[in-house]
Every structure is written in C-alpha cells, then in structure tokens.
Amino acid sequence: MASIMLAGGVGAISTATAPTQTVQAISKYSHHWHWVKVTKETPIYKVKVGRYMYQSKLTHKTYIEKGSDLKVMYSGHDYPWRVYAGQRGHWVALRQSANWFKNE
C-alpha cells in the first residue's frame, strides 16, 4: 500500500510543471564584453582590488576621450561599468547610465 502511495505521489510530482516564461537580462551589456564608441569624455578609475569590497580602493583617475573605442561590461554591482584593460588591472567607469557611449 505504501509503495502505491509513493508511486502515485512521485507521478504527481513529475507531471506537475511550472509555466515557462522568458526572462529578460538586466542589461544587454551584462556578462559579456562589448565594443563601444565613447560619445562623452568620461573619467575612469583604476581599482586596487582588496580581499573584501570595503578594502578595494580607487588608485588612479584618467579620462577616455570622445570617439575612443573600448570594451565595456555592465557588472550591476560594486562598480557599474567595467572597462577592459587586459593585463593592466581593473578599471571602472562610475557612471550609472549608458549615455556616455554607443554600441558599435
């Protein structure tokens, strides 16, 4: 009797499915590097990464000129925009919006 109840319960669980729905990403620039063209002169900062976020420091500031091509990624936490710098460390742009560049 217990095996019939168990089999019936498993069958009920396996046939119940959640409705499928599409999930839109937070930003089309998130999770991947994207080539963009800078439309406004923008300051970027070098980040000395600490073990914990509160230990990280902004160590150097420079400006990206209007018309420059670069790779960016929206991280969505800690620092809004990461700027690709290869082996030269972590660079970030602290602007919240995406109005300082356009997609190429």
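Predicted model: local features only at pLDDT ≥ 70, side-chain atom pairs only at ≥ 80, totals over all residues.

**Entry 1: β5 and β6.** I began with strand β6 (residues 90-93) and found three bridges joining β5 to β6, with the two running antiparallel. I'm using the rule that two strands pair if DSSP finds at least two bridges between them. Strands here are DSSP runs of E with at least two residues, helices are runs of H or I with at least four, and both are numbered from the N terminus. Across this pairing, Arg82 stands opposite Val92 in β6. The two strands make a hairpin with six residues between them, and Gly86 in the turn has a positive phi of about 60 degrees.

Residues are numbered from 1 along each chain as its sequence is written, and side-chain values use heavy atoms, with hydrogens and water left out.

**Entry 2: β5 and β4.** Next I checked strand β4 (residues 69-77), which four bridges join to β5, again antiparallel. Here Met73 stands opposite Arg82 in β5. This hairpin has one residue between its strands, and Asp78 in the turn has a positive phi of about 60 degrees.

Why is β5 largely enclosed by the rest of the structure? I found that four of the five residues of β5 (residues 79-83) are buried, so that explains it. Buried means under 20% relative accessible area, exposed means over 50%, and partly exposed is in between (1.4 Å probe, protein chains only).

**Entry 3: the largest pocket.** I looked up its volume and got about 320 Å³. Of the 18 lining residues, the closest to the pocket centre are Val49, Arg82, His90, Trp91 and Val92. A pocket is an open set of points on a 1 Å grid over the protein atoms alone, where a 1.4 Å probe fits, with protein on both sides within 12 Å along at least five of seven lines; lining residues have an atom within 4 Å of a point. The volume is the space filled by probe spheres set on the points, which are joined across faces, edges and corners. I also saw that β4, β5 and β6 each supply at least two residues of the lining.

**Entry 4: Val47.** I found Val47 in strand β2, and at a relative accessible area of 8% it is buried. Leaving aside neighbours within four places in sequence, Val47 is in contact (heavy atoms within 4.5 Å) with Ser56, Lys57, Leu58, Tyr79, His90 and Val92. Val47 and Lys57 are 10 residues apart along the chain, and 5.7 Å separates their C-alpha atoms.

**Entry 5: Ser56.** That list sent me to Ser56, in the loop between β2 (42-48) and β3 (57-64). Is Ser56 buried or exposed? It counts as buried, because its relative accessibility is 15%. A polar atom of its side chain lies 3.1 Å from the backbone nitrogen of Gly50.

**Entry 6: Thr42.** I went back to β2 for Thr42, which is buried at 0% relative accessible area. The side chain of Thr42 reaches the backbone oxygen of Lys40 at 2.7 Å.

**Entry 7: the whole chain.** Last, I counted up: one helix and seven strands. Buried residues make up 25% of the 104 residues.

Methods. Polar contact = N/O pair within 3.5 Å; in protein donor to acceptor, adjacent residues only side chain to side chain.
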